[in-house]
There are 4 protein chains.
Amino acid sequence: MARVIIWGGTGLTGGELLRLLAGQEAMELVAVTSRRRAGQPLWTVHPHLRPDYPDLLFTAPDEAEGVAADLAFLALPHGSSFPVARRCLDRGLKVVDLSADFRLRDRSLRESWYGPGGAPQELVERAVYGLAELHRRELGQADLASGVGCNATALNLALFPLARAGLLETVRAECRVGSSEGGATPSEGGHHPFRSRALRIIEPFRHRHMAETLQELDLDASRLTMTVTAVEMVRGIQMAAHIGLSKRVVEADLWKLYRQAFKGEFFLHLTPARPAHLRFPDPRLVLGSNRALVGFALADDGRRLLVVSAIDNLVKGAAGSALQAANIMMGLDERQGLDLRPAYPA
Amino acid sequence: MARVIIWGGTGLTGGELLRLLAGQEAMELVAVTSRRRAGQPLWTVHPHLRPDYPDLLFTAPDEAEGVAADLAFLALPHGSSFPVARRCLDRGLKVVDLSADFRLRDRSLRESWYGPGGAPQELVERAVYGLAELHRRELGQADLASGVGCNATALNLALFPLARAGLLETVRAECRVGSSEGGATPSEGGHHPFRSRALRIIEPFRHRHMAETLQELDLDASRLTMTVTAVEMVRGIQMAAHIGLSKRVVEADLWKLYRQAFKGEFFLHLTPARPAHLRFPDPRLVLGSNRALVGFALADDGRRLLVVSAIDNLVKGAAGSALQAANIMMGLDERQGLDLRPAYPA
Amino acid sequence: MARVIIWGGTGLTGGELLRLLAGQEAMELVAVTSRRRAGQPLWTVHPHLRPDYPDLLFTAPDEAEGVAADLAFLALPHGSSFPVARRCLDRGLKVVDLSADFRLRDRSLRESWYGPGGAPQELVERAVYGLAELHRRELGQADLASGVGCNATALNLALFPLARAGLLETVRAECRVGSSEGGATPSEGGHHPFRSRALRIIEPFRHRHMAETLQELDLDASRLTMTVTAVEMVRGIQMAAHIGLSKRVVEADLWKLYRQAFKGEFFLHLTPARPAHLRFPDPRLVLGSNRALVGFALADDGRRLLVVSAIDNLVKGAAGSALQAANIMMGLDERQGLDLRPAYPA
Amino acid sequence: MARVIIWGGTGLTGGELLRLLAGQEAMELVAVTSRRRAGQPLWTVHPHLRPDYPDLLFTAPDEAEGVAADLAFLALPHGSSFPVARRCLDRGLKVVDLSADFRLRDRSLRESWYGPGGAPQELVERAVYGLAELHRRELGQADLASGVGCNATALNLALFPLARAGLLETVRAECRVGSSEGGATPSEGGHHPFRSRALRIIEPFRHRHMAETLQELDLDASRLTMTVTAVEMVRGIQMAAHIGLSKRVVEADLWKLYRQAFKGEFFLHLTPARPAHLRFPDPRLVLGSNRALVGFALADDGRRLLVVSAIDNLVKGAAGSALQAANIMMGLDERQGLDLRPAYPA
């Protein structure tokens, strides 16, 4: 039984990790920290988990340093995570960090999006990018894994087969995102009267999650445009990528390419070509689960392709991928605690 | 042309007043104040009104004191309104105050709900409660009108015919309210991920808007219970009152009673007994308008009655009633600027 | 491994059963019937379950009669279920029927709500009402269990401790329900432009699910009023019961009463008295799970009580209770396949 | 006072016309037809308009033929409109047809999208495309105007300045649409449990409204791609067009181009470049009104442009444009009945 500590357990990704861990029987939660909520019951922040953790209190960070554990999840803000990671590693814990501190290996890329003064380069290089579908083998050897950007994950899982086949000439990705992407802290933009049914185009051409896609798909920045639009939902990402292919293809080749790439992947699923209304995935079909759905359609010219993916940003785009990575790092079946099905319609 | 000034124009009721005034051709907006936003264009806060007020800037309160006007609407927080009202009255303006400062004539009642230190009693007594349907004649003579509580208005318009007929023995009122009732300031409870699709019972037995109903319907406190539930909508109130009647009645009498009471009222409308799905009003049928809909059903025993009303909390429950009162105070047709129809479905 | 057949697998409760069974490892789905969809993949109707049942086709009813099985769930319309139940029982299967055919033991009560010509009385009397929390022992001996009405379940779980203590003098129950309660078949009332954000009071005083509450709580019809309001959600019921108690009580007694009644119940949970915003349960805290939450507040007079419950109508109010009953009937742990946690916020 | 008849008054555009006409004081409604609802009160279908039309009944089409009128709006299904138009014209009425029957002048284009057997070519050629901003002068001479496609209007109003300047090399337009676009008739796709919070990509590359854009902007089909995604709203279209410009431009030129093109247009408004969150229009800022908002951002390369527009599909995208065209055809101020402001937030 792996003893687990969560650093920073009051946010939405922290809450989601707690939900997943309640169903992961090979892991035992020994502490969850909060500076502001120390001493208060966990369920005051996560009321839906009261039956699962009826008596657990938040632990102050200082106290948590002394708690014996095997594995730490860090659900801390960007920039405050890496010192905790260092101390956990020094004490022999394996670490999965959900912040952006360790996601980008290239220092200049990292600093251009997240500013200077982040994690030291040698620590960054020790980290494996925490997306099991792309780094399963390295995660098996790692003691430090980064988290994944939710929007980046929607792109990376949808496009890696094309990237590996050298087919991506241009990518114009449009992410439709829910309000949970903005986190648990109230803000003007997230205030219900203004956020409800909003269609708010946040970024017209670029978004910082792009950097993870450039890195993971080994793409040149000039090939990728990314737009993010906030829509009326709480969880979920639908990513629609309009792709210019580097060569003309026929649809059968794409099916073959995707089927091979997804083969054996428990959490990746293609949507069917027919009936038409199921061709492009809707996030509601994965909410609450660690699944990613991918569908596509090729234009008549054989050069323009629409690829659409759907994930739950808090699961496959955050806590779920983190647990999957942790399972691998701990030598467990990567599916443990993640065999979840969406409740639909909901 | 009446010159109008709005004190406190950044909130939701201030915004709604601005929308209504843009269509009230007998009034001319000369200033709208904001301490925090002074000098900024009005449309930075109310982007939907940019075509109506392309160039208007918020005025600092100090400057606004010097602006010549005939009428002031005060959309300020409870407790900060009455000093401004006093100064406006002293300068000869007519005043409609949308806060709660002047709503409750009884000092002890007022202080029990809103705390001590409010408006001086003589000023309170100078004010007329600003619901035209109940105080049309007095408003014609008044230079100071209070605003109305939105939930109270949903009750008062639904129940005044029964109250006047002495039929109300017990009233258990349930208000379903939207997120705009909480105002424009971000809060944890109003944060979209937590507020979206919430069913949050805010008050099990009482709510401070009750006091206005007790006063206006001349009811004893022991007869009234009020529950407020936040539901998934931005605007709108649906009030459902389960009433124990003081004597057995037949339905035809109730129709007669309500028809007489609503006769000649431009904004009050009964919903039909049939078809069944239209019997009880839905707030969507009044959104954006100053209308109030009222429907009812009598139980077989002739003693239990369900009365349901629907209003837009920002219009009939706030800015619309305020403009209607102001129209009367200024000697105008009370409907001016208020001849609005809901866009449905929306 | 129990072999399971589902009769009528295209509706929302059928779909929910399929979701739950995919995670119930002691049961094996051998067939799911549909007259209209026979031969088509199950996922054309339930696209979220494509990864769980990639190859399963709907079976025509006639063929299904010949499939060997140990247990049948009937998710058929009211009135068409009992003949299938009879044939299944004759072939030695245990049967859980989700329709209303076997819920009401009293023939006249049953016919008054569902019309004449239903299940024969001896078959009805053979059935156990399928709510494990109230009939666990009988279910252990039964070969036929009824389903439960979703609204009735919200009432029954909230009120049975009070009913057993003889405290219920009057009950005015208000259920707020989602659109999934209306089923999967398109209708004018369920058409999105008209149903979205609706506040539609469906029944002012009574609803046919009342009958199950009268039966299960052994209440006199004159004591119970029930209102149903459709609100903006897909899943979930929030039931708020305003209760007149038969005697004055103190709050501590109620806590004791409820704690004892819920003791050992895996799926029943009380909400805390504090903080205030968590006192009354919100359906979002149980969606997708088999949990029921119950909270209450006592008025100062010690005689008026508000009890609020929240369930997922498709799980605890239908498929979840059915699986729980089936587990008991098959000698399994009643929690199998039901250890589910809500994804919140969502 | 122009006497107006509406043919086909039970749908969503018919209802919207009725709402607008209730506020257009220079027009008098003399009849509204419905085959199925003849003899029933108008408010049974449009309950929000009961105060406006308390006594009006639907008229059977046969009877309506004999009603004297000056102007007819046809809100009939595609393909059934043109024979009615012919008869109305023959009787000397002016006609505004909201169907697609007269929108496309080119017969082969028309038949390729709507099938053979539509309106005779000479009648089509008699019609003016009913978008006042593009055809004001011709409408002043016309006795027959077509309606406009809602998605086409979102594109046409956003792009006509660029088209006229010869700047459009490629256009990839993405329309986010609400459920009202599907009309008032229940359907599986529009059933609330399935439609609520859906993100449903309806068309990956083309949509029949494209044809109107090709015609009105005089674009070659190869330059335009159009995707339509159903999102969680009832009314509203947000159109986001990713444009490849035919030459490098600087942003100031675009501002100048758009300001000139929109000059004097009462219903067209540019959104400001700053603050960033207001740069791209959100449909909520126009709902219920006849306004169209347009915003844009130019990429650093001066060649890629994002143009975003927002309209209410039932107003500017249908009934509002129709009334605006009718006003012009009748020699009235085109703004009459259309001076409407959105209620926001709502």
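**Entry 1: the B–C interface**

I count two residues as in contact when heavy atoms lie within 4.5 Å. The model I am looking at is predicted, so local features need pLDDT of at least 70 and side-chain atom pairs count only at pLDDT 80 or more, while totals for chains, interfaces and linings use all residues. Residues are numbered from 1 along each chain as its sequence is written, chains are lettered from A and ligands numbered from 1 in the order in which they are written, and side-chain values use heavy atoms, with hydrogens and water left out.

I looked up chain B against chain C. On chain B, 38 residues are in contact with 38 residues of chain C. The size of an interface is often given as the accessible area lost when the parts come together. Here I read about 3100 Å² buried between chain B and chain C, with 59% of that area from carbon and sulfur atoms. (Buried area is the accessible area, for a 1.4 Å probe, that two parts lose on being put together, summed over both.)

Next I looked up the charged pairs. Chains B and C share four salt bridges, each a side-chain nitrogen of Lys or Arg within 4 Å of a carboxyl oxygen of Asp or Glu. One of them joins the side chains of Glu232(B) and Arg197(C), at 3.9 Å from N to O.

I also found 16 residue pairs in polar contact between chain B and chain C, both residues at pLDDT 80 or more. (A polar contact is a pair of N or O atoms within 3.5 Å; within protein, one must be able to donate a hydrogen and the other to accept it, and residues adjacent in sequence count only if both atoms are side-chain atoms.)

Which element of chain B gives the largest share of the side that touches chain C? Strand 12 of chain B does, with four residues.

**Entry 2: the sheet in chain B**

I take helices (H or I, at least four residues) and strands (E, at least two) as DSSP runs, numbered from the N terminus. Two strands pair if DSSP finds at least two bridges between them.

Chain B has an open sheet of seven strands, in the order 7-8-6-9-12-11-10, with mixed pairing. Strand 7 (200-203) and strand 10 (268-270) of chain B are at the edges with a single partner strand each, so one side of each has no neighbour in the sheet.

I followed strand 6 (residues 168-177) of chain B. Nine bridges join it to strand 9 (residues 237-245) of chain B, and the two run antiparallel. Arg176(B) stands opposite Gln238(B) there.

**Entry 3: the sheet in chain A**

Chain A has an open sheet of five strands, ordered 2-1-3-4-5, with parallel pairing. Its edge strands are strand 2 (27-32) and strand 5 (144-146) of chain A, each pairing on one side only. Three bridges link strand 4 (residues 94-97) of chain A with strand 5 of chain A. Val95(A) sits opposite Leu144(A) in strand 5 of chain A.

**Entry 4: Asp52(C)**

Asp52(C) is in the loop between strand 2 (27-32) and helix 2 (61-64) of chain C. Which residues does it touch, leaving aside neighbours within four places in sequence? Asp52(C) is in contact with Arg291(A), Arg341(A) and Ala22(C). The side chains of Asp52(C) and Arg341(A) make a polar contact at 3.0 Å.
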